[in-house]
Amino acid sequence: MREVMITGIGSTPFGRLEGRSVQSLAVEAANMALARSGIDRSEIGALYLGNFVAGPLSGQEVLAGMVCDELGLAGIPCTKVEGACASGGIAFRHAVMAVRSGACEAAVVVGTEKMTHASGGQVTQALNCAMDNRSDGPSGLTFPGLFGLAWRVHAERYGTTRDDVSAVVVKNKRNGLKNPLAQMGAELSPDVIRQSLPIADPIQLYDCCPVSDGAAALVIVAADRAKAAPDLPIRIRAAVQTSGPARISGHEDLCSFRTTRLAAERAFKEARISPADLDLAELHDCFSMAEIIHTEDLGLVPRGQGAKWAAEGRTAVDGDIAVNASGGLLSKGHPVGATGVGQIFEVVRQLRGEHGNQVSGARLGLTQNVGGAGVACTVSILERGDA
Amino acid sequence: MSPGSASAVQVDVMRCSQCGTLDPGPRDLCAKCHAGLAPAKVAGEGSLVSWTMIRRPPASFKEDGAYAVAIVRLDAGVQVTGRLAEPDEAAKPGMRVVATGQHRETTVFSLVR
């Protein structure tokens, strides 16, 4: 299959974006990406839109068609994809496949979400649609609860402490201070984290990503069409999507997601690199404990060492591998359907050397986007186009 | 009834009509051989895999206040998600639990102290 590149990128800030609609956010980000793509709108052959909760929270579906129409892309196949919080990553992979296969020369991918206008209970209820509501839902389990369950096992097995986990929070909140798109960068002490509101023991308030609005977009083009783009094109070395059980009983271990392990294995094989070759990773830290588990599942750190590596600064911007230099979901925010696209946006800026929290000499970056209790995962590997 | 003397009630699960594999259900097909599953009951005795105290419930569970959700590995060989009655910080993965009843559509477990 032919080589494909990312040319244009666009993003709204992530955060509380009052008075904006879920469509308007998508249009803003995609219009920005199209303007920097080096491709005429008439040559865009497909649009994939990632969104998860516009139905329950905004009462609006058919977003892909509405966004296409407003962008002046009417008539092309436009598809909304849903895979809970992995919706954006899945949209990306579908756009990559469309261009790789030769079905079209260029495709738009956009992820969008509007959440902050709803109450906390409504948001929790909507996000719980990503659970297996036959087997796990009736217990009243929530997603913070899922990672509270994982935390207790991790603590029992590896001796992980509250302060070990806090190292992830401190790092990501600090990284967010250098990202102008981030919702809540902060300088936090372990004491402040320890005293924060309990949410789903042992998960506390600062262990959780905020509720966010936002959209991000990318234009994917065949490599031979990337030359006209004004910015450095970014090569897509791997775009992998996997599936797994939605229900907890399908997991052999609460501290590991089979979907992530499988996606990582396939992505490293597709890109013909190993984890040690990576300069940075943007991964799905919806909760502090999630980053710990994902770094281990992706093979970025040894099993059981996710929190300790953060505490030792080995996942900091100047560490062995920079994890969530953008601030991650914890700090940048988590507009669920936009997150996977936003992660790729961040890695593109890093590989171009233009990030506010720049990883020195970044050439290879990975993104990991997870849906539900590991029901879906995407792992993508990106490289500077001049490498 | 004191927790120490809690007697186990049976837990509703499913069993594969072909290979006998247990499944927490509800589900149509066996995860192992893809034959049909039928309702079954197993002994409500097992060990705690993990638990968490939900303090911010979804809207439909608001009236429950704070409650503990538990993952339990039943001795019969199937893992279920339920509630843990009277949890305290001493509750650790691996501890023995028994099913003591039902809350709405979910099984309630108690620690064997």
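Author: A residue is called buried when its relative accessible area is under 20%, exposed when over 50%, and partly exposed in between, with a 1.4 Å probe and protein chains only. The model is predicted, so local features need pLDDT of at least 70 and side-chain atom pairs pLDDT 80 or more, while totals for chains, interfaces and linings use all residues. Residues are numbered from 1 along each chain as its sequence is written, chains are lettered from A and ligands numbered from 1 in the order written, and side-chain values use heavy atoms without hydrogens or water.

Reader: Why is Asp163(A) called partly exposed?

Author: Its relative accessibility is 38%.

Reader: What makes Glu89(B) and Arg152(A) a salt bridge?

Author: Their closest N and O atoms are 3.7 Å apart, which is within the limit. The pair crosses between chains, from Glu89(B) in the loop between β6 (78-84) and β7 (96-103) of chain B to Arg152(A) in helix α6 (residues 143-158) of chain A. Side chains of opposite charge can pair when their charged atoms come close.

Reader: Which of these two is called buried and which exposed, and why?

Author: Glu89(B) has 53% relative accessibility and is therefore exposed. Arg152(A) has 9% and is therefore buried.

Reader: How do you know that Arg104(B) and Glu63(B) pair within chain B?

Author: The N to O distance is 3.8 Å, and the contact counts as a salt bridge. Arg104(B) sits in the loop between β7 and β8 (106-111), and Glu63(B) in the loop between β4 (45-54) and β5 (67-74), 41 residues apart. Arg104(B) is partly exposed because its relative accessible area is 38%, and Glu63(B) is exposed because its value is 71%. In chain A, salt bridges with shared partners join Arg2(A), Glu43(A), Glu105(A) and Arg225(A) into one network. A search of the whole structure gives 38 salt bridges over all chains.

Reader: What makes the elements of chain B strands?

Author: Elements are DSSP runs numbered from the N terminus: helices are H or I with at least four residues, strands E with at least two. By that rule chain B has 0 helices and 8 strands.

Reader: Why is chain B called as compact as a globular protein of its length?

Author: The radius of gyration, taken over C-alpha atoms, is compared with a globule rule of 2.2 Å times the number of residues to the power 0.38. For the 113 residues of chain B the rule gives 13 Å and the model has 15 Å, which is close, so the description applies. The C-alpha atoms fill a box of roughly 40 × 35 × 25 Å along the principal axes. Of the residues of chain B, 45% count as buried.

Reader: Why is helix α10 (residues 288-297) of chain A called mostly covered?

Author: In that helix, 10 of its 10 residues are buried. One of them is Asp297(A), which is buried because its relative accessible area is 6%. Just after α10(A), Gly299(A) takes a positive phi of about 80°.

Reader: What makes a residue a contact of Asp297(A)?

Author: Contact means heavy atoms within 4.5 Å. Leaving aside neighbours within four places in sequence, the contacts of Asp297(A) include Ser256(A), Arg261(A) and Arg303(A).

Reader: Why is Ala106(A) called buried?

Author: The relative accessibility of Ala106(A) is 0%, so the residue is buried. Ala106(A) lies in strand β4 (residues 106-113) of chain A. Beyond neighbours within four places in sequence, the contacts of Ala106(A) include Ile39(A), Glu43(A), Val99(A) and Ile220(A).

How values were computed. Salt bridge = Lys/Arg side-chain N within 4 Å of Asp/Glu carboxyl O.
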